[in-house]
Amino acid sequence: MICLSKLVISNQEFFETIIEDLKKGDKVSFLVKGNSMKPFLLDGLTEVFLLKRDNYQVGDICLFEYRNQYILHRLIKRHKSHFIFRGDNSVFTETVHEEDIHAYVYQYKTGEEVVSTASPEYRKKVKKHLARRRIYLFLRKLARGNKR
C-alpha cells in the first residue's frame, strides 16, 4: 500500500530551514510562490536553485528578509550600506542591509527549460525587460502626477 501525505509548515519555518542549509554551504531549491517575478519566475511552475555568496551584483535575484518576511526579488541598486530590490512585475521596492540577504538564484527551471542566471542570453533578456519596466514606471508616475 502506498501512502502519500502532505506536510504543511509555515513560511517562516520553511525559510529558516532553507537558510540553515545555505549557511552550511549547501545548494537549495524550491518552487516559486507569487507573481512578483513574472515573466521570468512563474507561480508554482518555476523551481529556483539558490546558493550563498559574498558579493551580490545588480541584476541578481536574491532571497532576503524584509519586514519579517522572506522575499525573492531582483537587486536593482547597490549602495555602500544598503541594497534596493524590486520584483520584475512590481512597482514597490525594498531596501535592506547586506546581512538581510541570504542567497541568490544561480539557475531556475520552468518545465523542461533550465536557465543559468549567469548566461549572457539571460542577462540580455533581463536588461531589456528592466529597461521597458523603467519606462513603464516613469510613465505611470507621470500619469499619476497629472491626476493629482
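**Close-up 1. Aspartate 60 is a buried residue in this predicted model.** Its relative accessibility is 3%. Buried means under 20%, so aspartate 60 falls within that class. The residue sits in the loop between strand E2 (46-51) and strand E3 (61-66).

**Close-up 2. Arginine 53 meets aspartate 60.** The two residues form a salt bridge. Their closest N and O atoms are 2.3 Å apart. Arginine 53 is partly exposed, with a relative accessible area of 24%. Aspartate 60, in contrast, counts as buried.

**Close-up 3. Aspartate 60 also pairs with arginine 123.** Here the side chains meet in a salt bridge, at 3.2 Å from N to O. Arginine 123 belongs to helix H2 (residues 120-147), while aspartate 60 is in a loop, so this pair ties together parts that are 63 residues apart in sequence. Arginine 123 counts as partly exposed, at 25% relative accessibility. Now put the pieces together.

**Close-up 4. Lysine 24 and aspartate 21 form another salt bridge.** The closest N and O atoms of this pair are 3.7 Å apart. How exposed is lysine 24? Its relative accessible area is 61%. Exposed means over 50%, so lysine 24 counts as exposed. Aspartate 21 is partly exposed, with a relative accessible area of 22%. In total, the structure holds 4 salt bridges. The lysine 24 and aspartate 21 pair is one of them.

**Close-up 5. Strands E5 and E6 run antiparallel.** Strand E5 covers residues 83-86, and strand E6 covers residues 93-96. How many bridges join the two strands? There are 4. Look across the pair at isoleucine 84: threonine 95 in E6 stands opposite. To follow the chain from E5 to E6, trace the hairpin, which joins them through 6 residues.

**Close-up 6. The side chains alternate along strand E6.** Which residues point to the buried face? Glu94 and Val96 do.

Notes. Residues are numbered from 1 along each chain as its sequence is written. This is a predicted model: local features need pLDDT of at least 70, side-chain atom pairs count only at pLDDT 80 or more; totals for chains, interfaces and linings use all residues. Side-chain values use heavy atoms; hydrogens and water are left out. Buried means under 20% relative accessible area, exposed over 50%, partly exposed in between (1.4 Å probe, protein chains only). Two strands pair if DSSP finds at least two bridges between them.
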